[in-house]
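Colleague: I'm new to reading protein models. Could you take me through one, feature by feature?

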Amino acid sequence: ITTLINHKDKPKRSDKTLQAIQRVGQAVNLAVGRFVTVGEAIANENHELKEEMSVACIEARRAGETIAQLTDVASLDHPESDSHITIFTDKTGVVKAARLLLSSVTKVLVLADRIVIKQIITSRNKVLATMEQLEKVSSFQEFVQIFSQFGNEMVEFAHLTGDRQNDLKDEKKKARMAASRAVLEKCTMMLLTASKTCLRHPDCESARINKDGVFHRMRLALEQVIEIVTDSRPNGENEIAPISIYSAIKEFKNKVEGLRENLCFLSKENLSTMLEVILEHTEDFTDSAYTSHEHREHILELTKQAKMELEQLVSVWMQAQNQKTKDLMEDLEVAILKTCQCMNELKREVHSAATSLAADLLKYHTDHMVLKALKITGVEGNLEAVAEYTCKLSEQKEQLVEMCRLLRHVSGTEPLEITCIHAEDTFQVTGPQIISAAETLALHPSSKIAKENLEVFCEAWESQLSDMSMLLREINDVFEGRRGEKRVYLSLPRPGKHNATLKALKPVKLDTEEQAKIAKLGLELHLLTSGVDSETEKWEDQENEIVQHGQGMSSMAYSMYLFTRGEGLLKTTQDLFHQAEIFATEGTKLASVLHAFSDQVHDDDKALLLLEAEKLISMCKQLQMTAIASVQGKSATFTKVDACILKTRNVMTLLCQLLPLCWKLLRKNKAGNGWLKPAPPWREDGIQTGSNAHTPERRAETYGIKSLENHVANMTFLESK
C-alpha cells in the first residue's frame, strides 16, 4: 500500500513499471483475501461477534478489490485516454481504498483479540469451577476423576495464556504474566499432594490449612492473569506500583539535568520533594537489621551530602534565574554535576548493600539444613523439634523477604522489579505452607502422602532460592551495563549472512506429534542445564573463562529445551539448527580454554583433563556437522532436529562432568583467578556467543507452565494408592 501511495507520476511509463504496479495491486488483493477468509471463519465460530466481524471483512474485501481494479494498468498503452479509471487518473481513489482497507483490517484484528480474551476468561472460569468441586470432594475416587478434568483444563489455560504472554508488547505485563503462570505451574502439583493429604487425614487442621493456602494462591494468580489480559482491576481501582530507589534517582537526575535547558520548568519545592522520596526509601536499607554497619554509615553520609548538594544547587539556580551571567551558569553546571555525582554514589552504595546481603544469604542457605531437619523430625513424629525448626524457617523467611525488598530497589528494570516482588510473595506464602505440611507429617509420621506433600513444598522453596541466584546475576549485569534486556535476540539466525547453506533451507515448525517425541530429550536437556548452573554457582570467580563459557552453553541449551516445548525465542527448526551451531562453537572455545588450563596442572591430572577436552572437541564437531547439514523434507528435518538435541544433550552431560573436575583442579593447583581473563562477550559478527547465560529474557522464559499432561497421566498411580 505504501508503495502505491508513494508512487510518483512520470510522463513516461515503461512496461516494467506498469507490470510492477499491477503486481503490487494484485498482491494486496490476494493478501486481503487470505486475511478475510480467516476472519470469516472466526466469525462463523463466534456468533456474538459474527455480524461485526462479517461487516469488517466485507469492507476489507471490497477495498482490496478496488485497489486491484485501480492498479490494473499493465495492458493499457494509454491509460489517460481510456475510459478505464486507474491509479494514474484517480490517485485519490487509491488513497480512499487504502484508508478503508487499513480501517477494516484493524477492526478485524480488534474483534479477533476480543475473542481471544473471551477464550482466556472462559478457560479461567472452567478452571475455577473445577477447583470448587475439588475443594468439596470427600473420596479418592471422586478426586481422581475431577483432578483429571482439572488437569486438562489447566493445560488448555496454559496454552492460551502462554500464547498471550508471547504476544504482549509491554515488558512489565509480560513479566507479571510470567510470574502468575509460574505460580499456577508450581501450585498445580501442590494442589494435588495437599488435597491427597487432606483426604487421607480429614480431621487434621494443619492439613486443611495447607490445602486452603494452595487454593487461595491459585485463585489470586488466576485473577491476576485476567487483570493483565483485560487491562483492568476489580472495582476499577488503579494499581499503585511501589517506587524503587533506582527509578526515583533516575527521575530526579533527569529533572536536575533539565535545568541546563530551562531554568523555570519546575519549582525548587518539586526537587526537594523528589529528594525526600529518595531519602525515605533509603530508610529501607538503614532501618534493616540485615544491612551491615559499614553500608548503613555510608548511606547515611551520602543522604546528608545529597541534602547539602541540593541546597547549593537551589541557591545557584535561584540566582541564575534572576541574572544569567557566565560565572553563575558555570557555578550552576558545577552544582548540577556534583548533585548527580552524589546520586550516582548513593545508587552504587545501596546496590552494594542489597547485592552483598543477597549473596551472603544465598550462600548461607544453600545447604537447606532447616528443610532437611524438618523432614527428619517430621518422619520421627518429634513435634517439639518440628516446632523448633519451624521457628528457624520463619527467621529464614523474614531474611529472604527482606532481601527481595532491598533487591527490588536496585533491580534496574521493571521486569526485574516484578520478578523480585514475585520472589518476595513466594517466600511469604511458601514458608507457612512448609510449616503446616511439616506439622501434618509430625502428627502422622507414617503417612507416605504427608511426607510426599512436605517434599513438594520444600522443592518449591529450594527452586525459588535457586532462581534468586540467577536473579542476582541479572541485577548485577544490568547495573554494570554488561547486558541489555534484548540482547538474547541476537542469538537468532540471520540466514544468508552467517551461513550460506541456510539460504536454501525452508524453516519448519514441528507438529504436535513431533513435539511430543522430542519432549523427553528436552526434559533431559533441562535437567542438565540445571546441573551446569549448580556447578558454576560453586566458582567464587564468576568472571573465569571456564565459568563464562559453561554459563553460555547452558543458556543456549536452555533455549533449545524451550524449543522442545514450543516456547521461547527459537520458533522454527531453522532457528534451532543455527543455535546448535553456535553452541558447538562455544564448546570448541571452551576446549581451547581447557587446553590452556592444562598447562597449569600437574602431570597426573593433565592427561585426564586433556582427554576430556578432546572428547568435547569431537562431540562439538559432530554437532556442528549435523547442524549445517542440508536436508529436504519434513521427515528428514525432524530427524535432524532429534539428532541436534541428542548431541547437545551429550555435550551437556560431558560439561556436567568437566566443571566439577576443573573446579577441583583449580583449587588443588591454586591457580587462582588471574590466569584466565574473561572471554569477550561478543563476536565481531554480532551474534551472541554464549556469555549472556542468565539474561532477563531467559528469566522471563522460565516462567512457563510445565506440561500438566504429566499430572493427568499419573492419576492412575494416585488411584492405586
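Colleague: Let's start with two helices that meet: which hand does the crossing of α9 and α13 have?

Modeller: A crossing is left-handed if the near helix is turned anticlockwise from the far one by less than a right angle, and right-handed if clockwise. In this predicted model, α9 and α13 cross in the left-handed way. Helices (H or I, at least four residues) and strands (E, at least two) are DSSP runs, numbered from the N terminus.

Colleague: At what angle do α9 and α13 pack, and how far apart are their axes?

Modeller: Axes are lines fitted to C-alpha atoms, for helices over the stretch in contact, and angles run from 0 to 180 degrees between N-to-C directions. Here α9 (residues 268–286) and α13 (residues 383–409) pack at about 145 degrees, and their axes are 10 Å apart. Contact means heavy atoms within 4.5 Å; α9 brings H281, D284 and F285, while α13 brings E402, L406 and H409. Sorted by class, that's two nonpolar, two polar and two charged residues. (Ala, Val, Leu, Ile, Met, Phe, Trp, Tyr, Cys and Pro count as nonpolar, Asp, Glu, Lys and Arg as charged, and the others, Gly among them, as polar.)

Colleague: Before we go on, what are the ground rules for the numbers?

Modeller: Residues are numbered from 1 along each chain as its sequence is written, and side-chain values use heavy atoms, leaving out hydrogens and water. As the model is predicted, local features need pLDDT of at least 70 and side-chain atom pairs count only at pLDDT 80 or more, while totals for chains, interfaces and linings use all residues.

Colleague: Okay, how many helices and strands does the chain have?

Modeller: There are 23 helices and zero strands. Of its 721 residues, 50% are buried, where buried means under 20% relative accessible area, exposed over 50%, and partly exposed in between (1.4 Å probe, protein chains only).

Colleague: Is T339 buried or exposed?

Modeller: T339 counts as buried because its relative accessible area is 2%. This residue sits in α11 and touches F252, V256, E309, L310 and L313, leaving aside residues up to four places away in sequence.

Colleague: And R200: which helix holds it?

Modeller: R200 belongs to α6. Its relative accessibility is 40%, so R200 is partly exposed. R200 and S447 are 247 residues apart along the chain, yet their C-alpha atoms are separated by 8.6 Å.

Colleague: What about phi in H368?

Modeller: Most residues other than glycine have a negative phi. H368 has a positive one, near 55 degrees. H368 lies in the loop between α11 and α12 (369–380), and its relative accessibility of 18% is why it counts as buried.

Colleague: Now the second largest pocket: what is its volume?

Modeller: Rolling a probe the size of a water molecule over the atoms shows where empty space is left. On a 1 Å grid over the protein atoms alone, a pocket is an open set of points where a 1.4 Å probe fits, with protein on both sides within 12 Å along at least five of seven lines; lining residues have an atom within 4 Å of a point. Volume is the space filled by probe spheres set on the points, which are joined across faces, edges and corners. This pocket's volume is about 1,100 Å³.

Colleague: Which element gives the most to its lining?

Modeller: That's α7, with eight residues. The lining has 40 residues, and K172, E414, E417, I418 and I421 lie nearest the centre. By class, the lining splits into 15 nonpolar, eleven polar and 14 charged.
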